[in-house]
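Please look through the sequence and the structure shown here before reading on. The explanation after them is meant for a first visit.

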2 protein chains.
Amino acid sequence: MVLEVALIDVTDGSQAAFAAAYQQARHLVAQTPGCGAMRMTQGVETSTRFVLLVEWDSVQAHDAFRSSDRFGQWRALIGPHFAGPPHVEHFTDV
Amino acid sequence: MVLEVALIDVTDGSQAAFAAAYQQARHLVAQTPGCGAMRMTQGVETSTRFVLLVEWDSVQAHDAFRSSDRFGQWRALIGPHFAGPPHVEHFTDV
């Protein structure tokens, strides 16, 4: 199991639209084989900063999603609100 | 409930010592009033990068910990391995 941690900064004023787009797009990730729990969170100190946490069976499972048509649909929904490219890394429990 | 997300970079070569210090120090946070689940994770792509995730009842509960003697003990154990100041923010579920 690996944890995807994605730091996403959205443009100021688009926070609510981004959250709505996430609710609409969420299933595209959540229903992907190898995807476990999925959680989007919004910054308290900086409301334009979001952190997406996704449990994957493996980095390969996440890579397979990123190579799929579903990724294009996911990004088409949430991507227009990005202030820049998300910063995505994988982590394992200590 | 708020989620603390702490990005911690440690000095290269100190990864194992940091993980051991965390196991020793963990209870200082975990047993603090207002602290829920706690999870330390290590980077797959960058092994010197760790992400600490802590559920707090509120930002105030976390602040109370940071003002306590327990915080000094926690930092005395894990802090020597830091490559720089951790980046700490709070998030709420979308």
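The paragraphs below take up the model, the barrel, the helices and the contact between the chains.

This is a predicted model, in which local features need pLDDT of at least 70 and side-chain atom pairs count only at pLDDT 80 or more, while totals for chains, interfaces and linings use all residues. Residues are numbered from 1 along each chain as its sequence is written, and chains are lettered from A and ligands numbered from 1 in the order in which they are written. The complex receives an ipTM of 0.95 and a pTM of 0.96 from the predictor.

Eight strands close into it in the order 1(A)-3(A)-2(A)-4(B)-1(B)-3(B)-2(B)-4(A), with antiparallel pairing. Helices (H or I, at least four residues) and strands (E, at least two) are DSSP runs, numbered from the N terminus, and two strands pair if DSSP finds at least two bridges between them. On average, neighbouring strands of this sheet are turned by 35° against each other, direction ignored. Within chain B, strand 1 and strand 4 pair in the antiparallel sense over five bridges; B:Glu4 has B:His90 in strand 4 of chain B as its bridge partner.

Two helices can be followed against the sheet. Helix 2 (residues 59-66) of chain A packs on it, touching strands 1, 2, 3 and 4 of chain A, and its direction makes about 115° with that of strand 3 of chain A. Helix 1 of chain B also packs on the sheet, where it touches strand 2 and strand 3 of chain B; its direction makes about 175° with that of strand 2 of chain B. Here axes are lines fitted to C-alpha atoms, for helices over the stretch in contact, and angles run from 0 to 180 degrees between N-to-C directions.

Now turn to where the chains meet. Strand 2 (residues 35-43) of chain A pairs with strand 4 of chain B in the antiparallel sense over three bridges, and A:Thr41 stands opposite B:Asp93 in that strand of chain B. In total, 22 residues of chain B are in contact with 22 residues of chain A, contact meaning C-beta atoms, placed from the backbone, within 7 Å.

How are the two chains related? A rotation of 180° with 0.0 Å of shift along its axis superposes chain B on chain A, with an RMSD of 0.0 Å, by least squares on the C-alpha atoms of residues with pLDDT of at least 70 in both. This is the relation of a two-fold axis. The same surface serves both copies, as 100% of the contact residues of chain B recur in chain A.
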